[in-house]
Amino acid sequence: MVSYFSLTHNLHYTYITESNNQYLFFSKAFCSSMELYHKSTCHFLGKLIIALTWGILCLRAAECIEYEALSCRKHTALLTDFGGKGDGKTSNTEAFRKAIHELSKFATDGGAQLIVPPGKWLTGPFNLTSKFTLYIHQDAVLLVSQDEAEWDLIPPLPSYGIGRDNPGPRFISFIFGTNLTDVVITGGNGTIDGQGQLWWTKFRQGQMKNTRPYMIEIMFSDHVQISNLTLINSPSWNVHPIYSSFVIIKGLTILAPFHAPNTDGIDPDSCSNTRIEDCYIVSGDDCIAVKSGYDEYGIAFGMPTKHLIIRNLTCISPSSAVIALGSEMSGGIQDVRAENIGAIGSESGLRIKTAIGRGAYVKDVFVRGMTLQTMKYTFWITGDYGAHPDDHYDRKAIPVIQGINIKDTVAKNVTIAGKLAGIDGDTFNGICLSNVAIEMSQQANQLPWNCSNIKGVSSQVTPQPCALLPDKKIDCPFPTDTLPVDNIQFQTCAAATTMH
């Protein structure tokens, strides 16, 4: 589907679409009366008028943009239409909130898109709406306000019970939305600068009374797209979809200093049908951390993360994992498919973090095509991660770890090939490694593998794994079916950012 926009007045644009070979600017009656409906001549005329309309718009526009999205919008506005000033000093918090409030009125009339044009736009947090696109121009920078007075406090997440930094309320995320459908956050690789240094310093010095804000958090929503942006210096986690479904995260560049605390890249949390692809992440924590709730709160909430695709990821994380599962996994994690993963200078390739009290499960995990360089661990599984939200966790809540499949992996300059430790009385089962080549560094441990309370198999793995992973001459599985989220196709959308 291709959408084109033509200016009708200062804020809003009408659109002409091509969908299933039906050109909506032709009335069905007109085409039918000429016996051309669904015939090639009507289609040709439709395409010609689309091209002419787009050409006229571009002649009138100082700049035209095209982008891919789940949905195109009928109405368009610029942030400057609502008093926004991109001087890097003026607060644009009210401009964003007013713009989104006004554009939310078009949710039942084709939706709306808000364009952030070139400039530096200082702003506090704002909430998104349904049937809405936020587009950040390639020369636009959103500067996240460091003024705590601009940040509302909201309750802890129900599956966590407490704030992650401190008990009690947490700061709302910078870009936030809840109970939404069809929402797009995208751009021409425009930048969001979290200006996190102040938050990091206060956190380290114990001055934070509430949990730091995340950069982007979408809750209880469906059909969400976050794409083609650069996120830098987040106060804490960068991208946190939670309690949501049909989430696509694509083409993000996420950068944080190695010392920046808890600056996870992407954290899918109690989500189903999520697709993460084509992302580059440099992080002070896990590049991707898959989650689903914390101890008794996550068990009670009971919403797993499942049907997750991770592909074409590049990661640098010296102190953490390329892909971590847990440690907050008390709602369960199942059916994770990761492929074409590259990393350099990171602590671990695949890490599973859990503990007594977490309960639930991590199962049916499939990884293939990892290329790793200069790692402490290639694989790291631990059942004694330890941290708990409070003292009320259930000491009988034992996690199930089952069906962890890793194949076609190359790792070089590695200190420890694998540290795989289950829990006494709770063996982690079904671990499968095949076609894995690990070259140890000169500083490598004398014993490359350290295994306890696990059970599985291996095939064509070097150096030879521990005895708990005997060679069985097998090929570890990777699913061949297609998940529903992988059937979602983008449309090509367009807008004029400014007019002559």
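Q: Where does Ile-266 lie?
A: Ile-266 is in the loop between strand S22 (253-255) and strand S23 (272-282); strands are DSSP runs (E) of at least two residues, numbered from the N terminus. This is a predicted model, in which local features need pLDDT of at least 70 and side-chain atom pairs count only at pLDDT 80 or more, whereas totals for chains, interfaces and linings use all residues. Residues are numbered from 1 along each chain as its sequence is written, and side-chain values use heavy atoms, with hydrogens and water left out.

Q: Why is Ile-266 called buried?
A: Buried means under 20% relative accessible area (1.4 Å probe, protein chains only). Ile-266 has 0% relative accessibility and therefore counts as buried.

Q: Which residues does Ile-266 touch, not counting those up to four places away in sequence?
A: Contact means heavy atoms within 4.5 Å. Among the residues that Ile-266 touches are Val-239, Ile-254, Cys-279 and Ala-289. Ala-289 is 23 residues from Ile-266 in sequence, and 6.5 Å from Ile-266 in space, C-alpha to C-alpha.

Q: Why is Arg-311 called buried?
A: Arg-311 has a relative accessible area of 18%, so Arg-311 is buried. Arg-311 lies in strand S25 (residues 305-316). Leaving aside neighbours within four places in sequence, its contacts include Glu-277, Asp-278, Glu-339 and Asp-486.

Q: What makes a set of residues a nonpolar core?
A: The set consists of buried Ala, Val, Leu, Ile, Met, Phe, Trp, Tyr and Cys residues joined through side-chain atoms within 4.5 Å. Of the 103 residues in the largest nonpolar core, Ile-266 is one of those that touch the most other members. Strand S28 (residues 361-382) gives the most to this core, with eight residues.

Note on methods
Helices (H or I, at least four residues) and strands (E, at least two) are DSSP runs, numbered from the N terminus. Buried means under 20% relative accessible area, exposed over 50%, partly exposed in between (1.4 Å probe, protein chains only).
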